Every structure is written in C-alpha cells, then in structure tokens.
Amino acid sequence: MGKESSVFFLSGRFDEKAIEGVLKNHWNLTIGESSKRLFHILDCHDQSLVSKGKLLIETDGKLHLFSFKRHVTQQGSGAGQFVQNLPNGAVRSGLSKFPTLRALIPIASGTVKVRKFSVLDDLRKTRVQGQVVDLVSDHGRATIVVLCQVNGPSSSFKNIRKSIEKNKDIRNATGVFTALSPDTPRYQAKPDIPLARAEPTVDVATKIIGTYLAVARQNENGVIADYDTEFLHDYRVSLRRIRSVLSLFKGVFSPHQTMGLKRTFSDLMAPTNRLRDLDVYLLEKNNYYSMIPENLHVGAEIMFAQFEAERKRSWKVLSQKFRSVSYNRCMLELSRQITDPKSVQTGPNAELAAYDFACTMIWKRYRKLCRRARRIMPNSPDTLVHDLRIEGKKLRYLMEFFGPLFNQKSLNTILKPLKKLQDNLGRFNDFSVQQKALLELVDRQVETEQPEIAQLALSAGGVITVLKQRQEAERQRVIAHLRGLDNPEIKHQFRRLFQ
C-alpha cells in the first residue's frame, strides 16, 4: 500500500484527535468506521506468535497478521487449523516458521471495530492511510494502529508516527494480549524452577513434582478438544518427569509414599500409551507411504484407516476420563499431597543439601551409563540398546532438574553429546517399536480372516523392511555417539563439575 508502514500496539484506546492535532489543520483527515464484529486471537498453546511480537487475528472470514512495520491479510479461517494446511497467501507466508505439529487455537476473543482513515493534502491527494483496530474482551481492551505512507515521502506520516510513539500506552504484542486476557499465563512445557544449593532435596523434589503436575493439567483441555497431538505429548512428558523424580530421588520420600505415588502416576500414564502410539503412526503416515512402492499404497490405506478408527476410540475414552469426577479428584489429591508439608512423608535423604545430592546422583548415573555403553556392540540385542536409552534419559533428567545449581556453560557442554545420543536412541527405539506394532497388526488381521489382509500384509512387510534398515543405520550412529560420551575429555568435565 505504500513505501513505508508502521504498526503500533496499544493497551488502551487510541483517539484520532491526536492525528488532527499533529496535522494542525493543514491537511484533511477523513474517517470511516466499520460495524462491530467478533474476533479471535489465534496462536499455539505456548503463545509462540505473541512472544515473537506477532498477533494473528481472525474476524469475519479473514486472517490478519500484525507485526512491527507490517500488516498482511488473507481470506480464510485459521481456528483449529495447521499453518501448512492454510490456503496460500500473505498470512500463511508470514507464519512459515510456526511449529508444524501445533494447531492454531483461540487464546483470546471479543469484539472488534475498525476505523479507517486517510490524510489528504491540499490537492486532495492521499498522503497517509491507516486503520485503528479497537479490540474489546470481557477482561479489557487494546488497540492496533496501522500507518502507511502513500504517494511519496510525507512529513505528515513521520509526524503522526512520532506522535503515536509518545503514547504512554504503547506496548508490544504481548502487552495487547495481556490487556485482553490478563489472567492467562504463558504456557511453558519446561518452566524455570529456581533452586538453591543448600535447599533440602525434599523441597526440590516437591517443587519439581508440583510444577510438572500443573503443566500436565494445562494440557488436559487441549487433549479433550483434540486440537493437535502435542497436548497429549506434553501431558505424558510431564508425568514422565514426575515419575523420574520418584525413581531418581532415592531416600527423599518414604518407601511407602514413593511406592504409592509411583503406582498412581503409572495408572495415570497407562490410558495414554496406545493413543500416543497411534498419534506417532499417523504423524508418520506420509513417511510410511514414501517407504514402499506405489502399488503397495492400497494396503497402507487400509492400515491407516484402521489406525484412524482406533485412534478415535482411544481419544474418546481418554477425553471422557479427563472429564470424570474421579480423575479430577485424583489430581487434586495428588496436588495436596505434594504442596502440603504435612502430607509429605520424608526419607533419610530428605534434608540433604540439593547440591551435594545432585553431585552424588549425577556422577553415579554417568558412570552407570558408561558401563552400559561399553556393552553395546553392532550385534547387541535391541533390549540392551533400549536399557541404555532409559539410563541416558535418567541422567539427562537429573542434569536438567538440578541445572540451576551449576555453571550453565559447562553443563551445556556435556549435555550436548548426551542429547545427541538420546536422539539416536529415540529413533532406534521408534523403529523397533513400529516394527513390532506392524507385526502385531498383521497377526490380528490374520485372525479376522478379512479379504484385504493380503494387501495390508504386503504393505506392512515393505514398511518393516525399510524400518529394519533404518534401525541398523541408527545403531551405528548410537555406537559412534557412545564413544563421544565415554571419552577422557567428557569424563573429566563430568568429574570436575559433579565431584
């Protein structure tokens, strides 16, 4: 629309009289006003767009993307959609770095009214165009002002921009969101948990468990709404971290309470297992098709149709569970057990200083991982590699839990090879699990004696062959990265940091 443009985010209302004052009656100001309409601010669960200074607003069948110096728009609906599935357009292009596994969801709603204005010179030639976007929710109001310079340089554009920049209510995208939805905290899958070196280890344990229990609960509505698969993933990771605390913080809680909490969190995790497996298979759908020739795609279509039907049933059962009185009562009771000091049953290591406990446990876990790693050979059974993955995850969790107590630069240096190893082990395990699942699927189909079993079995067999090849290639990468973790330099750094 012009050579230069600016976008301003305000936490209150903007008055066009400010523009009239800047013009000093030299030029004419024309204003047109739209009717009031509903709007939704769209983002993903962790508000990644807002945190990067962008606002995506859907209203009246259009998508508007606002960022500093830019406003683009296109037709379409975004709520519940993945960015890669939006029609081609300026907004989709502007969202190219949006997470592919996250859906756009409404994070704030209300009514919007747009006032468009033009600044004309003495010859009735347009010099500045703009719009004032008034957003009102049940909790507050905010404004977006868009300025565009047209028909060549204009002192009026610069003067209006300077005038707005002096506004005491000027904010960024986060400020607008906060003004409209002040009680909505920003979601963090891995929140920062402040720790002190002399802090009793039991306090660290309860902090971590309480934090990740809250994170898990923040994902429940997303699982129920079934926006995307990452809600369930984050829910499971949060529970897994809690279970790791219960396993790794030896002697911090009493044996009785440890056993009870382990059982409870295992029971919470169990109903999510199959649904997550199915999510992974469906996310890999295009990858599976690429593994086999086109003449085997018919069998793959049958297989994925069954996966989708089973996933629908599994999701329905889990969402009903999340809405149940018994589930919510259980989660509230768990929160009470962790946050109420009277409910915490301590063990012999409860009062140990967090730093001393961390050093002892991390050094012990590192040495155990190295011993396991030396046993891995090119022909080692999958179970040994799987056990190594579990040990690596335990070490990584410990280092991340107690990370604030150590020098971050040194910690990141030794976490880097561990993360690489974990990535390799994760892929190795996925290839192994998927082969087993496909074999079990074929076995179940044989029992049903359905006519399409031959096509399904051929497709599954083709995929299994490729998965086996990829698993063996990943095994070689695992062995290479093991050498990088169990070498004198890394061992020296572990010893220096944790002994």
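**View 1. A225, a partly exposed residue of helix α7.** A225 has a relative accessibility of 40% and therefore counts as partly exposed (buried means under 20% relative accessible area, exposed over 50%, partly exposed in between, with a 1.4 Å probe and protein chains only). The residue belongs to helix α7, which covers residues 220-225 (helices are DSSP runs of H or I with at least four residues, strands are runs of E with at least two, and both are numbered from the N terminus). The model is predicted, so local features need pLDDT of at least 70 and side-chain atom pairs count only at pLDDT 80 or more, while totals for chains, interfaces and linings use all residues. Residues are numbered from 1 along each chain as its sequence is written, and side-chain values use heavy atoms, with hydrogens and water left out.

**View 2. Helix α6 and its packing partners.** Helix α6 runs over residues 201-218 and has 18 residues. From first to last C-alpha it reaches 26 Å, close to the 26 Å expected at 1.5 Å a residue (the expected span is 1.5 Å times one less than the number of residues). Among the buried residues of α6 are V204, I208, Y212 and V215. The buried residues of α6 pack against α7, α8 (230-248), α9 (255-283), α12 (325-339), α13 (354-373) and α14 (382-401).

**View 3. Cysteines C359 and C370.** For C370 the closest cysteine sulfur is in turn that of C359. C359 counts as buried because its relative accessibility is 9%; C370 is also buried, with a relative accessible area of 2%. Zero disulfides are found in a search of the whole structure (a disulfide is a pair of cysteine sulfur atoms within 2.5 Å).

**View 4. Q435 in helix α15.** Q435 is part of helix α15, residues 408-448. Is Q435 buried or exposed? With 10% relative accessibility, Q435 counts as buried. Apart from neighbours within four places in sequence, Q435 is in contact with I464, L467, K468 and Q471 (contact means heavy atoms within 4.5 Å).

**View 5. I376 in the loop between α13 and α14.** The loop between α13 and α14 holds I376, which counts as buried at 7% relative accessibility. Which residues does I376 contact, leaving aside its neighbours within four places in sequence? They are L384, V385, L388, I479 and L482. I376 and D387 are eleven residues apart in sequence, and their C-alpha atoms are 10 Å apart in space.

**View 6. The whole protein, for context.** The protein has 17 helices and ten strands, and its C-alpha trace spans about 85 × 65 × 50 Å along the principal axes. Of the 499 residues, 49% are buried. Among contacts with a separation of 6 or more, 71% join residues 24 or more positions apart.
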